[in-house]
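Please keep the view open as you read, and take the points in order.

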Amino acid sequence: MNKKIVVLVLFIMSLNLIMPITAQNMVITYGMDSKKQISAFKQEMQNPGESENFKRLANLSLKATLEAEKSTYSLEIDKDKSFFYLDELMLSDANGSSVNELARMNADRGDFYQDATTKQVLEKRSGSKLFINYGFDFFDWELIKETETILGYTCYKAIAKYTEPHPAGGNDLRREIIVWYAPELPFNFGPQGYGGLPGLILKKCQSGSCFVATKIETKKVKIKWPKGETITREKYSKKNENTQFKFN
């Protein structure tokens with residue numbers, strides 16, 4: 001084979017390999033992994049010390065979690081901005097209204113916009129007209145050397161721990177989030193508004209449930225920064241707009 005052709009083929013192959021890294025427009029698809037949460041519900045149902053009413057609630061939660069786990073999510077990246085949202089959720093009438101409603105609540109985590117230039121996040125929760133505004137630095141990340149390979153990318157572990165006031169006046173809520181970010185993908189974004197790390201977050205885990213990237217595509221997208229009334233995270237918690245507090 002002609003040496004020039006060999007060089008050309010190798011050059012084209014190298015472009016294909018690095019395209020996902022250098023592209024400014026991408027769409028990442030995430031799926032749900034709730035194995036730990038599902039296992040916990042099954043244990044509660046089998047616990048002889050629990051009441052029958054509690055077991056029924058655990059069974060309802062289990063069915064709703066299994067249904068919500070079918071959901072997929074998209075993270076669109078347009079240069080210095082990103083948009084994370086729930087794809088269409090298909091629910092079966094055979095589940096019953098209670099299971100479907102709980103599954104919808106579990107699956108719909110709201111819409112999240114991120115701006116890497118201003119280091120700002122706008123979060124719009126399901127049913128709310130307000131945008132919760134906070135910065136990338138809201139999360140104090142501890143970077144860990146531990147790695148995990150996701151979609152062929154070497155990802156590094158990071159942990160964020162913090163507390164926030166309970167909206168009903170109870171004890172402060174303690175939060176721990178574990179994420180895995182890929183330095184080869186030089187974006188500060190991730191699912192559910194998490195970001196500010198030296199690489200794209202391909203996995204985020206909290207309370208026994210994880211968002212895990214299942215596909216990365218180079219695709220032209222256009223993200224328009226939303227307009228509307230904004231509120232800080234602290235004021236939103238005090239306002240307690242929702243009857244049931246849910247932090248994603």
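Is the crossing of α2 and α3 left-handed or right-handed? Point 2 has the reply, after a brief look at the whole chain.

1. **The chain overall.** Please bear in mind that this is a predicted model. The protein chain holds 5 helices and 12 strands. Of its 248 residues, 43% count as buried. If you take the contacts between residues at least 6 apart in sequence, 61% of them join residues at least 24 apart.

2. **How α2 and α3 meet.** Helix α2 covers residues 35-46 and helix α3 covers residues 52-68; their axes come within 9 Å and cross at roughly 155°. Angles over 145 degrees count as roughly antiparallel, and α2 and α3 are therefore roughly antiparallel to each other. As for the question above, the crossing of α2 and α3 is left-handed.

3. **Who makes that contact.** On the α2 side you will find Gln37, Ile38, Phe41, Lys42, Glu44 and Met45, while α3 brings Phe54, Lys55, Ala58, Asn59, Ser61, Leu62, Thr65 and Leu66. Sorted by kind, the residues of this contact are 7 nonpolar, 4 polar and 3 charged.

4. **A closer look at α3.** This helix has 17 residues and reaches 24 Å from its first C-alpha to its last, close to the 24 Å expected at 1.5 Å a residue. Its buried residues are Lys55, Ala58, Ser61, Leu62, Ala64, Thr65, Glu67 and Ala68. They pack against β1 (25-33), α2 and α4 (97-107).

5. Glu67 sits in helix α3. Its relative accessible area is 7%, and the cut-off for buried is under 20%, so Glu67 counts as buried. Leaving aside residues up to four places away in sequence, Glu67 touches Met90, Leu91, Ser92, Asn95 and Ala103.

6. **Cys155, over in a strand.** Where is Cys155 placed? Look in strand β8, residues 153-164. Cys155 is buried, with a relative accessible area of 0%. Setting aside residues up to four places away in sequence, Cys155 touches Glu146, Thr147, Glu148, Ile150, Trp180, Tyr181, Ala182 and Leu202.

Terms used. Residues are numbered from 1 along each chain as its sequence is written. This is a predicted model: local features need pLDDT of at least 70, side-chain atom pairs count only at pLDDT 80 or more; totals for chains, interfaces and linings use all residues. Side-chain values use heavy atoms; hydrogens and water are left out. Axes are lines fitted to C-alpha atoms, for helices over the stretch in contact, and angles run from 0 to 180 degrees between N-to-C directions. Helices (H or I, at least four residues) and strands (E, at least two) are DSSP runs, numbered from the N terminus. Angles under 35 degrees count as roughly parallel, over 145 as roughly antiparallel, 65 to 115 as roughly perpendicular and the rest as oblique. A crossing is left-handed if the near helix is turned anticlockwise from the far one by less than a right angle, and right-handed if clockwise. Contact means heavy atoms within 4.5 Å. Ala, Val, Leu, Ile, Met, Phe, Trp, Tyr, Cys and Pro count as nonpolar, Asp, Glu, Lys and Arg as charged, and the others, Gly among them, as polar. Buried means under 20% relative accessible area, exposed over 50%, partly exposed in between (1.4 Å probe, protein chains only). The expected span of a helix is 1.5 Å times one less than its number of residues.
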